[in-house]
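Trainee: I would like to learn how to read the fold of a chain from its contacts and its sheets. Could we take one model and go through it step by step?

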Amino acid sequence: MTPLLSVQDLSIGFGKGPDVVRNVSFDVMPGQSLALVGESGSGKTVTCRGILRILPRAAQIRTGRITLYGRNGEIDLTAISERRMRDVRGDTVSMIFQEPMRSLSPLHKIGNQVSEVLWLHRRTSKREAKRLVLEKFERVGFPDPERAYGSYPFEMSGGMRQRAMIAMAMVSKPDLLIADEPTTALDVTTQAQVLGLMKELQKDTGMAMVLVTHDLGVVANMAEQVVVMNKGRVMEAGPAAPLLNAPAHAYTRQLFDAAPSIPAEARPAPPLPETDLILKLDNVSKTYRMRGKTAWQPEALIHACRGVDLNLPRGKTLAIVGESGSGKTTAARIALGAEPPDPGGKVLFRPASDSDPIAVHQMDRAARTAFQKQAQMVFQDPYSSLSPRMRILGALTEPLDIHGIGTRAERREMAAERIQQVGMNPDMLQRYPHAFSGGQRQRLSIARALMLEPALLVCDEPTSALDVSVQEQILCLLEDIRDRMNLSYLFISHDLAVVARIADEVAVMRRGLVVEQAPPDTLFYNPHHPYTKALIAAQPTPDINRPINLKLVAQGAGSPDSWPEAFRFSDTMIPSLTQLEPGHKVRCHV
Amino acid sequence: MAILRYAVYRFGTMLLTLLVVSALVFTIINLPPGDYLSNQISELRASGQSAGVAKAEFLRTEYALDRPLYQQYLIWIGFIPGPQGFSGLIQGDFGWSFEFDRPVAEIVGESLWLTVLVNLAAVLFVYLIALPLGVLAAAKSKTWVDYTSAFVGYLGLATPNFLLALILFYYGHKYFDLPIGGLMDPQYEGLPMTWDKVKSILIHLIVPTFVIGTSGAAAMMQRLRANLLDELGKPYVETAIAKGMSPPRMLTKYPLRMAFNPFVADIGNLLPSMVSGSVLVSVVLGLQTIGPTLLTALKTQDQFLAGFVLMFVALLTLMGTMISDVLLVLLDPRIRYEGREA
């Protein structure tokens, strides 16, 4: 059988530098999916862009041959002119990208941007193009295609934008779809649905797919063939089932070990102790007012948090899990005193076992300063949370500076000590952040947060911007520090698998409400709430025999109206959080 | 129709701003001690010409300069009746110039329109030059096209306008027989518009437009280039290329649209800087714009004349910002639909 796409001995380099892709070869069979797997810097993205020759200006294809045996016969993609390449792009081979937020022009309507493919390649009339696009929109799951056609990208959610991108890539019925991390920027449940959609579409049209991803779980769900890349070279390649069941190469095994996963089998865990709480959120709600569209319309109320009660025992990790917009970040911000809760809500903090609890939102200036010393935050994006114009030493000693702790020499000494604690070298203190990788920067942010010797650390998705193997290291580091310094964590995440490993208790949030709360093992052993079930089901696991159960995902991730009677809620009627067994609470009508 | 409502709203705020500006202008003009007439009176007294004093005193009451400052202001605007009843700016009476001893309207008359003309021509020049050159420089960044245009641009920025004016006049006259100075042949001055007069004005406009516009065009071009280069790195550009668009079509449809916003927003800034920047050029080139008039009026504390000219410049500025605001709303759906997002 002839492959649809054959990549032979491909090498790509930038400028005069060494090759970043070296002698890569693989074949894509018609109607099949091939996954290019690797971490950042592995050359997987450059490889997939090389196929369509949409590389950065400095990059050149140095050796190799890319042949497409598509509907227009055999084409050597490395040899044809730029003019003929344009006919291939978007027509026989189309592409979707990682960030649906930024991959569509914000100034043009979705319909216009999608129809453009047909105008370009088919010279279709506007009317005919619109008809075809509306058909596609319906197929990719827009509830109201006509409305979507006339909308701008910023009027849509991330999942919907990615659906629009898929429609754009599919509207010309390509032979090959290249998807570059198509779901990395999406919530788990959305990711599951988008992956499901891509698979269905593939079945419908019989197109082939090249899927670039770092997530072995996605690979297990999507691909027939796998190519594992590291530092520009192919490490291991072959059919998905044997490769995933018994990885041969050490690097592949390393990727497997690093991938966090929800345990296939779990047993219920004992509830957490309720004594010696370091942080207590009591009936915390937060309502934002949004101005109406016109002066006459009433304000819209947005309930970011509704009656959140959380307890964090000293030395433990409490995780809040939910999709974007679930209110998890708002809850964390309130816990840190960055925002006041609505009246009636209270946050109590006890810096030490023997001290009196402090009400976080009723502190005077001095108490607030003391509190800030006790509670620190680690942010999501290590690339933007360190000032690029400040040396690491400056960034680390600044908190001490602000709180007036120690002399200059003592501060330096402390910085050196902390940086060693996070596994880095004190002579790196003189460098600027750009000299470090994402993982190293996140280590530095953790070191910065530790400078004041806090008792509580709020971690806001600290690993979601990192590669799997780096994520693994950071999670290890966080666990290690927690146990060594007796820290308590409030851990915000959208990823149940990450939480599974670090948390002692998990609160699942949806639309501002905690819908289920339990220790992670109990949660995985016996999930009750449809949304929790959806979250667990949506998590792609690197196991061919455990595919994503899309039905469960669709049920739980939909609007609360589609949930079983016992769990439904509306603005006026909210069921209370009921204790099922010790330490396991579910929001349902009894 | 939302856009119409916005335009009306914007017009309303413009009028309010204009009112505030008028108060500021009036206060600032009156900050130095005394006024034109009191200065003249003391001068006349000192030189013993008491005959003139009576006339000056008469003018002082005639133009309410003897009243408290806030009343003078209100009379000037036309909110309260002055010695001649309601006759302020809003009634269309611009006041009396003491320096030239003629009504302000008569002095500024034609030069008002010539100012607008010269500056509009310069703005047009800026955009017509900056748009293609900026796009070209960005599309061919880091090639000789880019470097040459940047070099010429910086030359334009760095050369003092009046020097450029003198050079252009000399060579323009020598090689192209362009006229020197003025905005029309002297024979047409004060005559009604005829085709010949228009032609004469257009030929005279060439050098001033170039002189006033060059630095603006150079700056604008560099800004457009920088904005466009930023946009070229964005993912949606990649999407467009992956669709199979040709580079020129892609460039004009997507990144240029995005880079256009600051370009449009600059209209508002461009107008005032040109009007005030062209004062010196007008003096050097002998243009009959209001620039030189303003200079004289400010020097002699001719308050009604200065006040009117300043108000006129403010009006131009505010019109510029209003136009750019309305254009931005038309261009950018994100601004248009603010708040529509659910």
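Trainee: What share of the contacts in chain A with a separation of 6 or more comes from residues 24 or more positions apart?

Mentor: Please keep in mind that this is a predicted model. A contact is counted when two C-beta atoms, placed from the backbone, lie within 7 Å, and in chain A residues 24 or more positions apart account for 68% of the contacts with a separation of 6 or more.

Trainee: How many helices and strands does chain A have, and how does its radius of gyration stand against the globule rule?

Mentor: Chain A has 20 helices and 22 strands. Its radius of gyration is 26 Å, close to the 25 Å that the globule rule gives for 590 residues, so chain A is as compact as a globular protein of that length. Buried residues make up 47% of the 590 residues, and the C-alpha atoms fill a box of roughly 80 × 60 × 50 Å along the principal axes.

Trainee: In which order do the strands of the open sheet of four lie, and which stand at the edges?

Mentor: The order is β2-β1-β4-β5 in chain A, with antiparallel pairing. Because β2 (19-28) and β5 (73-76) of chain A each have a single partner strand, one side of each is left without a neighbour in the sheet. From one strand to the next, the twist averages 10 degrees.

Trainee: How many bridges join β1 to β4 in chain A?

Mentor: Eight bridges join β1 (residues 5-14) to β4 (residues 59-70) of chain A, and A:Ser11 has A:Thr63 in β4(A) as its bridge partner. Helix α1 (residues 44-52) of chain A lies across β1, β2 and β4 of that chain, running at about 65 degrees to β2(A).

Note on methods
Residues numbered from 1 in each chain as written. Chains lettered and ligands numbered in written order. Predicted model: local features only at pLDDT ≥ 70, side-chain atom pairs only at ≥ 80, totals over all residues. Helix = DSSP H or I, 4+ residues; strand = E, 2+ residues; numbered from the N terminus. Rg over C-alpha atoms; globule rule 2.2 N^0.38 Å. Buried ≥ 20, exposed ≤ 12 C-beta atoms within 10 Å, placed from the backbone. Pairing = 2+ DSSP bridges. Axes fitted to C-alpha atoms, helices over the stretch in contact; angles between N-to-C directions.
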